[in-house]
Each structure stands twice: as C-alpha cells, then as structure tokens.
Amino acid sequence: MGVCCIKAANLPENIIDKTDSFAVPVDFLANSDIHWIERNAAETDTDYKQLIPYVILQRHDKKIASYMRHGTEKRLHGLYSCGFGGHVEEGDKDSSIFKTLEKGMIRELSEEISNFDNALIDLEYKGLINEVETQVGLVHLGIVYLGKCKTAFVPQESDETKGLEWKSLEELKQFKSELWTKLALNLL
C-alpha cells in the first residue's frame, strides 16, 4: 500500500536542507502534487518526503504523554517520544490533502491510543519538522499538532505505546529522546 508523499524539492524554500522545527503555515501542501509510493520504496527515496502527522498529547495540567519507542519503526527503538501518529496511507485518501491528513492522523491515533476518541481532544496545528541528519528524517516531514485533552479524557497506552507516562516539558528535555521529539517540543 502506498504512503502519502510530496517531492522534497517542493518544500518551502526556508526549510529545504535544514534540520529544525518551523512555525510556518501548512498551506503550501494545497499546491503540492501528492504521490502515493509503496512504503518500502519511500523509506529510501530521498527525492520524496513522507507526510507524517505528529501529535503531542497534553493534559489539562500541561503534562505531556511520552513513551519509549518500540513500535514498527525499529530505527527509533530505545528513544523516548512524545509523538503520536504515523504514515498516511492510500486508504486515508479523501477530497483534499488536509482531509486526507486528518483521516490518517485519526486512524493512527486510534491505533496508538487504545481509548482514543477524536471528540475528546482539541487539535491545533503548530508547525513542521524537517530533518536531514538521519536516514529517518531524510524521507519524512513531520506535521506537528498539539492535542489538548479535554478534562475527562486520559489516553491509555496500546501495544505500540506501552509504558505511556505523563511528564512535564522540563522532564522530557532531560530524557534521551528521538530528534523529532526535541524539535517538536520547540513548537510549544
């Protein structure tokens, strides 16, 4: 099954070939051609960036959900993450890129949070993560959202997010984290 990609050359000029988080509008995607590339091929093709919704879940007390990576992305095992989300698949395709991203994000959150309910979080777009230092980063573009949990909602771990803990921003900065977590936290 194909995953949602754009040509790396079509990124906004100010982020191409840079590793950082960028508080920039996401509207450039509306004018980007979307390519559906088989995941195995996309994981090594640096001409394309796979679009990855990356959601940071935050409770009413400002603590952030985090977990040690041990899911399907073996290159990230053993590192802490505060990101929930993943690849947008061809089955998520909808009438616009933004609806497609939302469907993929909700599907991924449903897989990673065992009691996920879209009505119990408020999603706010925060920016992009572009990273060119690792093999993972060269082929992925993070689309970062802050998911503020409504008071009654406490997300529960799934197999992929076992060991889910709630940490302050200061605590998270002390852990050995994946690079994307470090970059995403800069957008808060």
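**Salt bridges in a predicted model**

At 27% relative accessibility, E89 counts as partly exposed, a class that covers values between buried (under 20% relative accessible area) and exposed (over 50%), computed with a 1.4 Å probe on protein chains only. The model is predicted, so local features need pLDDT of at least 70 and side-chain atom pairs count only at pLDDT 80 or more, while totals for chains, interfaces and linings use all residues. Residues are numbered from 1 along each chain as its sequence is written, and side-chain values use heavy atoms, with hydrogens and water left out.

Let's follow E89 to its partner. Its side chain meets that of R107 in a salt bridge, at 4.0 Å from N to O; the term stands for a side-chain nitrogen of Lys or Arg within 4 Å of a carboxyl oxygen of Asp or Glu. E89 sits in the loop between β7 (84–85) and α2 (97–112), and R107 belongs to helix α2, so this pair ties together parts 18 residues apart in sequence. Helices (H or I, at least four residues) and strands (E, at least two) are DSSP runs, numbered from the N terminus.

R107 itself is buried, at 19% relative accessibility. Its side chain also meets that of E108 in a salt bridge, at 3.2 Å from N to O, and E108 is buried as well, at 8%. Through shared partners, salt bridges join E89, D92, R107, E108 and E111 into one network.

Elsewhere, R59 pairs with D61, their closest N and O atoms lying 2.8 Å apart. R59 is partly exposed at 23%, and D61 is partly exposed at 37%. A search of the whole structure finds 10 salt bridges.
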